[in-house]
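Subject: Structure for you, with notes on the helix packing

Hi,

Here is the structure I promised to send over. Please open it alongside the notes below.

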Amino acid sequence: MRLAYDPSHYRDNTNLKDTIDTVARLGYEYVELSPRKDFIWFYEYPKVDKQLIKDLKRYCSDAGVKISSVLPVQQWSSPNEEERQAAVRNWKRCIEITSELGVDLMNSEFSGDKSRPVQSEAAFVKSMDELMPLFEKEGIKLNLQSHPHDFIELNTEAIKMIRALDKEWIKLVYSVPHAFFYDDGIGDVEQHLEEAGDLLDHVLIADTLNHKAAFGLRYIVNPPDANVTVHQHLNPGEGEVNFDALYRKLREMEFDGIVTNAVFSYPEKPEWSNDVTLKSIKEGLNI
């Protein structure tokens with residue numbers, strides 16, 4: 001099992017070198033290279049050159065940190081063809097960067113338009129048809145997660161789509177703070193992991209509240225019918241996810257993939273947040 005840290009707490013106020021040094025200081029051997037403005041940002045073309053790639057490799061070597069995966073988020077499932085083409089172009093550059101870093105794994109979200117699921121699925125498959133040969137050429141694997149407000153939100157539908165792609169190198173990211181979106185408000189984490197089975201390769205650890213609870217008023221949105229999607233990435237124990245069941249099921253499955261601290265909610269006190277979450281992970285998984 002690889003225990004990784006998503007340094008989103010540090011992406012806005014810490015340079016790349018200091019971020020890698022911080023990951024090491026917090027107690028991690030692996031970093032998940034999530035979106036940041038000075039490297040690969042959401043929906044944008046990567047702001048990376050050969051020198052920055054060399055620098056990042058040196059920063060990691062000096063700190064004793066390895067990159068577990070590179071995480072771009074692009075609108076590759078957009079029903080808007082111009083937007084989809086731009087996303088594919090950005091993805092190709094992200095794959096090149098990942099290869100030059102010597103990393104063999106990327107992870108991402110389905111994206112797309114929740115209100116146009118059929119068109120989004122068609123756009124996603126078209127993008128994958130263009131990108132899969134490049135993934136295979138570079139020897140890079142891909143892990144995918146459904147995300148709130150993506151064209152795929154349910155866990156079972158994400159699994160179906162991954163199986164439909166039918167590539168042994170494409171597997172599932174299970175994001176714990178999305179649990180209540182994965183089955184429309186039930187949050188049965190054990191069932192989700194059981195459904196994933198051999199596709200499960202990456203687990204993101206964070207807590208959240210059930211957006212369907214309290215008659216749908218756990219979160220109050222005005223106006224009530226506004227087209228918004230709300231969730232959180234809290235420390236374990238601060239929300240309503242059953243972490244005892246989650247950790248027990250992962251132990252039963254003898255899960256041996258990546259487990260990432262994906263708590264984003266406390267940029268003003270990130271070390272405290274890490275202490276809480278890292279303790280939860282280590283105790284829960286007997287690391």
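Start with the contact between two helices. On the H3 side sit Glu-81, Arg-84, Val-88, Trp-91, Lys-92, Ile-95 and Ser-99. They meet Ala-123, Lys-126, Ser-127, Glu-130, Leu-131, Leu-134, Phe-135 and Glu-138 in H4. Contact means heavy atoms within 4.5 Å. By class, the H3 contact with H4 has 7 nonpolar, 2 polar and 6 charged residues. Here Ala, Val, Leu, Ile, Met, Phe, Trp, Tyr, Cys and Pro count as nonpolar, Asp, Glu, Lys and Arg as charged, and the others, Gly among them, as polar.

Before going on, a note on the source. This is a predicted model, where local features need pLDDT of at least 70, side-chain atom pairs count only at pLDDT 80 or more, and totals for chains, interfaces and linings use all residues. Residues are numbered from 1 along each chain as its sequence is written, and side-chain values use heavy atoms, with hydrogens and water left out.

Now the geometry. Helix H3 covers residues 81-101 and helix H4 residues 117-138. Helices are DSSP runs (H or I, at least four residues), numbered from the N terminus. The H3 and H4 axes are 10 Å apart, at an angle of about 15°. That makes H3 roughly parallel to H4 (angles under 35 degrees). Axes are lines fitted to C-alpha atoms over the stretch in contact, and angles run from 0 to 180 degrees between N-to-C directions. The crossing of H3 and H4 is right-handed (near helix turned clockwise from the far one by less than a right angle).

H3 also packs on helix H2 (residues 50-63): their axes come within 10 Å and cross at roughly 45°. H2 brings Lys-50, Ile-53, Leu-56 and Lys-57, and H3 brings Ile-97, Glu-100 and Leu-101. By class, that contact has 4 nonpolar, no polar and 3 charged residues.

Which residues touch the most other members of the largest nonpolar core? Among its 74 residues, they are Phe-39, Leu-56, Leu-101, Leu-142, Tyr-174 and Leu-246. Such a core is a set of buried Ala, Val, Leu, Ile, Met, Phe, Trp, Tyr and Cys residues joined through side-chain atoms within 4.5 Å, and buried means under 20% relative accessible area with a 1.4 Å probe, protein chains only. H3 gives the most to this core, with 7 residues.

Best wishes

Definitions and conventions:
Angles under 35 degrees count as roughly parallel, over 145 as roughly antiparallel, 65 to 115 as roughly perpendicular and the rest as oblique. Buried means under 20% relative accessible area, exposed over 50%, partly exposed in between (1.4 Å probe, protein chains only).
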